[in-house]
Each structure stands twice: as C-alpha cells, then as structure tokens.
Amino acid sequence: MESQDSKYIGRVLGLMRICCIGAGYVGGPTMAMIAQKCPNLTVAVVDLNQERIDAWNSDDLPIYEPGLLGVVQEARGRNLFFSTDIDENLKEADVVFISVNTPTKDYGSGAGQAADLRYVESCARRIAEVGGGDKIVVEKSTVPVRTAHMVKEILSESPNGHAYQVVSNPEFLAEGTAMRDLANPDRVLIGGGTDEEGRKAVEQVAGIYRNWIPEESIITTNLWSSELSKLTANAFLAQRISSINAISALCEATGADVDEVARAIGTDSRIGPKFLKSSVGFGGSCFQKDILNLTYLCGHFGLPEVASYWSQVVEMNDYQKERFVGRILDNMFNTVSGKSIAILGYAFKKDTNDVRESPAIAVCQRLLEEKADLRIYDPKVKATSILYSLGWTEEEASGRITFCGDAEEACQGTHAIALLTEWDEFKDIDFDGVFDKMSKPAYFFDGRNLIDPELLRKAGFRAFAIGKE
Ligand code: NAD
Ligand code: UGA
C-alpha cells in the first residue's frame with residue numbers, strides 16, 4: 001500500500017483522491033479505467049468483502065471481463081488500490097463513488113419490486129460519520145429516482161460540519177464488453193444540483209471523465225433526470241428484447257423466421273439493428289430488477305397504468321423461458337424424466353462469469369423439476385456458482401447434475417442439448433462427432449440461435465431454434 005507521505009503529498013499538490021465503495025462488477029472495472037486514464041488521480045476501491053478485495057489484489061480477479069486484468073495490472077499499486085479499510089480511505093477522499101448493490105427488496109413493504117437501498121443508505125451514513133473534509137458524493141449505483149434526496153438528508157445532518165454535494169453518475173457498461181464500454185462510452189451522464197455549488201460539483205466529476213471522453217459525449221442534467229434516465233435506458237433495452245421475443249412465438253406458429261424479421265425491421269434507421277436478437281430470455285443482475293423498480297415507482301406515484309405497461313416486459317421474459325422448456329417437453333414426447341440433457345452455457349451472456357438472473361437458472365430448475373438429469377458446461381462459470389444459483393447442495397446434485405470440462409464431454413450420452421449462452425467456442429463444436437455419441441433421436445434446442453439449424457439437421461439432429469419453425 002501507499003505510504004502516508006504520498007497521501008500527504010497528494011493533498012498538498014491538490015490532487016484529487018477518489019474512493020469507491022463497492023468492488024463489484026461496476027466498481028472494480030470503472031475505477032480501474034479511471035485510474036488507468038487519470039494517472040494523476042489516486043483511486044481507492046473499498047469493500048466489506050475481504051475475499052473480493054484479496055482477489056482484486058491478485059491476478060485471479062473476482063470477475064471475468066475481457067481486457068480487465070491488463071488495465072488493473074497497469075494501475076494497481078501506482079494509483080489504484082483495493083482495500084477493506086473503508087473509513088481511512090473515505091476520510092482521505094475528495095470524491096466518493098457509491099457503487100454498491102441495489103437488489104430487489106425481498107422483505108417487507110415493496111418486497112419483490114422495490115429496490116433495497118439499505119446498502120446505499122449505510123454508505124451515506126458511513127461517509128457522514130467518518131468526516132475528513134468536504135466531499136462530492138457520486139451515486140454510481142442504479143437507484144430509484146429521488147434517492148439523492150435521501151443521501152443529501154443524511155449528509156446534511158452530519159455532525160462533522162463538512163459540506164457535501166451529491167451527484168448522480170449512473171453506469172451504462174454491459175458485462176462482457178465493460179472495458180470497451182468504459183473506454184469509449186456512447187455518453188457519460190452526470191446529474192447534479194442546479195445551484196452554483198451543485199454545478200461546480202458536476203464540473204469536477206466531468207473533469208475526471210474529460211481525461212479520455214470527448215466533451216460532446218458528456219451529458220449533464222438535473223439529479224432526478226439522471227437517476228431516471230438510467231432506469232429508463234434499461235427498461236427500453238429490455239423492452240426491445242421482450243418485443244422481439246414476443247414476435248418469436250408468432251414466428252414459430254406461422255413459419256416466419258425471427259432472425260429474418262429482426263434484420264428486416266432493424267434496417268429501418270428509426271428502429272436500428274441492436275438488441276433485436278431473440279433468445280431464451282434476458283438475464284443479468286439489472287434488467288429485471290430495474291424494471292421491477294420502475295414499476296414500483298410508478299405505483300408509488302399513483303400511475304398504475306404505466307406500472308402495468310412496464311411490468312409486461314418482465315412477464316414476457318418469464319413466458320419466453322417457460323416457452324423454451326415447453327418446447328423441449330413437447331418435442332421429447334412430453335417427458336424428460338430420467339433423460340439426460342446437456343446444458344451448454346450457464347452465464348447470462350457470453351464473456352462473463354456472472355450468472356445473476358441467467359435464463360439458464362429458470363430453464364435448469366424446470367428441467368430438474370421434470371426429473372431430467374443435467375450435464376452442464378460453461379467455459380467461465382464455476383460449479384459452486386451454478387449450484388448456489390439453483391439452490392442445490394453438492395449432495396442433492398449428486399447423480400442429477402454433472403459438471404463437465406468441455407462441451408463434447410457434456411453432450412456425451414445425452415438425449416438432448418440445450419444451448420443457453422452464446423459462447424463463441426460453441427460454434428466450433430464438431431456436431432457430427434457429438435451426434436454419434438448421443439442417444440437417438442438426438443435433439444438440439446438452441447436458446448440463442450447460435451448454430452445454423454440446417455447444419456445440425458444434416459448432422460442428424462432434430463433441431464429447434466427460437467422463432468423458427
Ligand atoms: P456487486 O454485487 O457485484 O458489487 C457490489 C459490492 O458492494 C459488493 O462487493 C458488496 O460487498 C459491496 N458493498 C455493499 N455494501 C457495502 C458497504 N456498505 N460498504 C462496502 N462495500 C459494500 O454489484 P454490481 O454488479 O457492481 O452493481 C453495483 C450497482 O451498479 C448496482 O446498483 C447495479 O444496478 C449497478 N449497475 C450494474 C451493472 C452491471 O453490469 N453489473 C451495470 C450498470 C449499473
Ligand atoms: C445491461 C445494459 O446493456 C447496460 O447498458 C447496463 O449498464 C446494464 O444492463 C446494467 O445496468 O446492469 P448487461 O445486463 O450486462 O447490460 O448485458 P446486456 O448486453 O444488456 O444483456 C442483457 C441480457 O439480454 C443478456 O441475457 C443478453 O443475452 C440478453 N440479450 C441482449 C438478448 O437476449 N438479446 C439481445 O439482442 C441483447
């Protein structure tokens with residue numbers, strides 16, 4: 001760790017010191033990027049979780065993200081530090097990013113919909129308690145609109161007499177492409193108070209990003225617009241996926257091909273081609289939770305029609321996952337009991353080891369309920385994460401779930417393959433060879449439309465893709 005002397009020199013030279021609370025999927029990569037692009041700033045990432053911090057201080061990082069290790073290795077120990085010493089780093093900081101989790105509340109009022117803000121609140125309380133000087137507090141976590149009000153209230157009651165400014169700076173990175181997104185974002189959004197002090201705080205945060213982001217990509221708004229824009233962006237993205245997935249069901253019923261439809265509508269410049277890939281359903285820690293949160297907010301503000309409009313996006317997603325399982329059952333003589341099914345991919349998308357809300361969880365849970373035995377392979381997800389996500393112990397899994405070292409091994413001897421994550425390596429599987437080692441008839445259910453169904457049929461499979469007959 002850095003010496004007290006260098007901390008002192010930083011202060012004397014007026015160099016900005018950043019502390020980020022939360023060393024997760026957002027805090028880690030975001031701060032690593034800031035530290036790499038701004039070698040004159042000192043960035044400390046703090047977390048309660050010792051194991052996570054130890055991993056950040058090793059070369060076996062706690063999250064898998066292409067390009068992340070190189071950036072961390074370049075800045076770590078120079079101006080990027082990971083620590084569990086929260087108070088000391090908070091005291092020293094001029095700017096504090098709150099980057100903690102904001103999951104869906106699973107207790108009490110608003111359970112199953114509202115965001116659980118207890119981690120954000122405890123950060124605000126900690127900042128208020130430790131003192132150490134005036135600070136800008138930046139909401140990086142995704143929060144309900146008007147959360148900054150709560151943070152401000154806590155800070156303004158702080159007995160230490162320091163001045164605090166609260167700024168909203170939501171993160172738009174996607175997992176798997178986080179480093180690219182951070183290096184070259186479509187925009188950086190900064191919301192703040194509209195008085196002079198508020199504008200100064202926004203300017204200071206913008207100054208960090210100006211080290212590598214062009215001026216025209218930095219958007220400033222008031223606090224509430226910034227908070228709401230984050231929820232709205234995720235709701236719109238998820239809505240596109242649910243819309244194309246809704247159409248996929250109609251394609252299967254009519255003989256249209258959802259990929260052809262997506263291409264045809266995506267060339268309309270008003271619609272655009274992105275986020276029109278039909279799939280087994282969207283996953284990830286945020287889309288569902290943020291839409292539930294938006295729905296809750298609409299209800300809270302007396303807008304039940306708006307709430308029910310957005311809740312359809314999540315309902316359609318649940319329907320898509322169940323429809324995928326239904327198609328497996330329908331085509332395998334209405335039972336998978338005692339049959340063995342290979343699961344290719346478990347992460348919620350390729351290039352990440354994150355399984356939070358992965359559609360694979362719902363699909364595997366349903367297949368296990370139907371008494372299928374599963375042989376699972378994912379290139380980056382550990383067996384322990386899979387068992388945890390399913391709520392199964394190792395003993396319960398014994399004889400029912402087998403974890404395999406590669407795709408070919410997973411498929412061996414199975415009755416069917418369900419491809420649930422679009423990992424590139426699955427495109428290189430020798431499907432002729434795989435088919436030979438399976439029980440016949442051999443089925444292939446492609447939840448990502450990754451493999452050409454004609455190629456699979458040529459190999460001998462009964463192949464089914466999303467939104468195709
Ligand atoms: P995460 O669960 O990976 O990380 C959060 C970290 O905060 C954990 O390591 C936890 O130990 C730590 N923490 C919680 N309370 C703490 C406290 N009081 N003091 C110190 N550490 C504490 O979560 P994440 O995926 O990084 O998401 C963080 C926020 O960013 C969420 O609001 C999420 O909605 C938002 N977001 C996430 C993504 C993404 O791709 N994951 C993208 C954009 C925005
Ligand atoms: C998403 C947003 O894209 C980010 O901008 C946002 O910052 C982030 O949520 C967040 O707030 O957490 P992420 O969930 O990491 O990022 O990944 P996406 O690429 O958006 O994919 C989400 C899910 O939708 C995945 O399961 C993916 O497979 C699925 N998807 C995506 C589709 O099924 N079809 C598509 O066309 C695109």
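Which helix gives the most to the shell around ligand 2? In this predicted model, that helix is H10, spanning residues 223–254, with three residues in the shell. In total, 20 residues surround ligand 2. Lys 277, Ser 279, Phe 282, Gly 284 and Cys 286 are the closest. Sorted by class, the shell holds eleven nonpolar, five polar and four charged residues.

The nonpolar interior was examined next. In soluble globular proteins, nonpolar side chains tend to be buried together. The largest nonpolar core here comprises 131 residues. Those with the most contacts inside this core are Val 43, Val 96, Val 137, Ile 343, Leu 344, Val 363 and Ala 418. Leaving aside residues up to four places away in sequence, Val 137 touches Val 96, Ile 98, Ile 127, Val 151, Leu 155, Tyr 164 and Val 166.

The model also contains an open sheet of six strands. Their order is S11-S10-S9-S12-S13-S14, and the pairing is parallel. Strand S11 (401–403) and strand S14 (462–465) stand at the edges. Each has a single partner strand, so one side of each lacks a neighbour in the sheet. On average, neighbouring strands of this sheet are turned by 15° against each other, direction ignored.

Strands of a sheet pair through backbone hydrogen bonds, either parallel or antiparallel. Strand S9 (residues 340–344) pairs with strand S10 (residues 373–377) in the parallel sense, over five bridges. Ile 341 stands opposite Leu 374 in S10.

Note on methods:
Residues are numbered from 1 along each chain as its sequence is written. Chains are lettered from A and ligands numbered from 1 in the order in which they are written. This is a predicted model: local features need pLDDT of at least 70, side-chain atom pairs count only at pLDDT 80 or more; totals for chains, interfaces and linings use all residues. A residue is near a molecule or strand if its C-beta atom, placed from the backbone, lies within 6 Å of it. Helices (H or I, at least four residues) and strands (E, at least two) are DSSP runs, numbered from the N terminus. Ala, Val, Leu, Ile, Met, Phe, Trp, Tyr, Cys and Pro count as nonpolar, Asp, Glu, Lys and Arg as charged, and the others, Gly among them, as polar. A nonpolar core is a set of buried Ala, Val, Leu, Ile, Met, Phe, Trp, Tyr and Cys residues joined through C-beta atoms within 7 Å. A residue is buried if 20 or more other C-beta atoms lie within 10 Å of its own, exposed if 12 or fewer, and partly exposed in between; C-beta atoms are placed from the backbone. Two residues are in contact if their C-beta atoms, placed from the backbone, lie within 7 Å. Two strands pair if DSSP finds at least two bridges between them. Axes are lines fitted to C-alpha atoms, for helices over the stretch in contact, and angles run from 0 to 180 degrees between N-to-C directions.
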